Amino acid sequence: MKSLKIGLLGLVAMSVAGCHTDMWRQPKHEPLDASEFFADGQASRPLLPGTIARDHLREDGAFFTGAENGKWLDKIPVEVTKDLVKRGQERYDIYCSPCHGRTGDGKGMIALRGFQLKRPVGNYHTDRLRKMPVGHFYDVITNGYGAMYSYASRVEPQDRWAIVAYIKALQLSQNATVEDADAEGKAKLAMTNTEEKVAVK
Ligand code: HEC
């Protein structure tokens, strides 16, 4: 008799709990559910014509692709300031120098040790790349190049241009003469030369 009572209590408890399904059976549609309400049978509605996701209105094609009318840009489409080049240096040292080296000669740690790349890492100081329009560098970062993969997911467009500005500075620096230095730079170089001469003696 006692066990029958407990059994009945259990049944009552279960049926009471069973009634509370309203929280997880809600009259709503999950994405891509079927629907009898709409004529096309889909619960998800198509976007209105002309809808653009926030932050995705990429009207300035040249800024986002590095090309205009099928040609690489030969001028960086943002103002090149000292801050931009500094930002480029920081991003370059993080994302590119492991393979390309701090000066862009293609002798980064990864290229020198271990990591097997299908092709040698590019050296920026060849005649071909020195003459290459800036848009090509932007495109290499965006879409990758041969064995090099794309950095689009890690480097935002504005930072890609900053890196390109820094690569241009690297190219200048590796191919400069004393005449390219300003007065302060020339004075420093003269000092270095004297020190070297002293050291040689
Ligand atoms: C994991 C190594 C690696 C990293 C990191 C890397 N690259 Fe490269 N890069 C390569 C390799 C390998 C090549 C040569 C690809 C080929 O010729 O197939 C290359 C080639 C290039 C070239 C030459 C393209 C040409 O026209 O010859 C440029 C410019 C370049 N990389 C820019 C960058 C920039 C800018 C970054 C940082 C955002 C970067 N790379 C990061 C491996 C790397």
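Biologist: Hi! Which helices each supply at least two residues of the shell around the ligand?
Modeller: In this predicted model, those helices are α4 (97-100), α6 (127-131), α7 (134-143) and α8 (157-173).

Biologist: And which one gives the most?
Modeller: That's α7, with four residues in the shell.

Biologist: Nice. How many residues surround the ligand, and which are the closest?
Modeller: There are 23 residues around the ligand, and the closest are Cys-96, Cys-99, His-100, Arg-128 and Met-148.

Biologist: Let's switch to the metal. What coordinates the iron atom of the ligand?
Modeller: On the protein side, His-100 uses NE2 and Met-148 uses SD, at 2.0 to 2.1 Å from the iron.

Biologist: Where do those two residues lie?
Modeller: His-100 is in helix α4, while Met-148 is in the loop between α7 and α8, so the pair ties together parts 48 residues apart in sequence.

Biologist: And what's the geometry of the iron site?
Modeller: The site is octahedral, with angles of 86 to 178° among the six donor atoms. For reference, ideal octahedral angles are 90 or 180 degrees.

Biologist: What about Ala-147?
Modeller: There a backbone N or O atom lies 2.9 Å from an oxygen atom of the ligand.

Biologist: Last one: what kind of space does the ligand take?
Modeller: The ligand takes up the largest pocket.

Definitions and conventions. Residues are numbered from 1 along each chain as its sequence is written. This is a predicted model: local features need pLDDT of at least 70, side-chain atom pairs count only at pLDDT 80 or more; totals for chains, interfaces and linings use all residues. Side-chain values use heavy atoms; hydrogens and water are left out. A residue is near a molecule or strand if one of its heavy atoms lies within 4 Å of it. A polar contact is a pair of N or O atoms within 3.5 Å; within protein, one must be able to donate a hydrogen and the other to accept it, and residues adjacent in sequence count only if both atoms are side-chain atoms. On a 1 Å grid over the protein atoms alone, a cavity is a set of points where a 1.4 Å probe fits but cannot get out, and a pocket is an open set with protein on both sides within 12 Å along at least five of seven lines; lining residues have an atom within 4 Å of a point. A molecule sits in a cavity or pocket if more than half of its atoms lie within 2 Å of its grid points. Donors are N, O and S atoms within 2.8 Å of the metal (3.2 Å for Na, K and Ca); water is not among the atoms, so sites may look incomplete. Four donors count as tetrahedral if all angles lie between 85 and 135 degrees; four count as square planar and six as octahedral if opposite donors are over 155 degrees apart and all others between 65 and 115; anything else is irregular.
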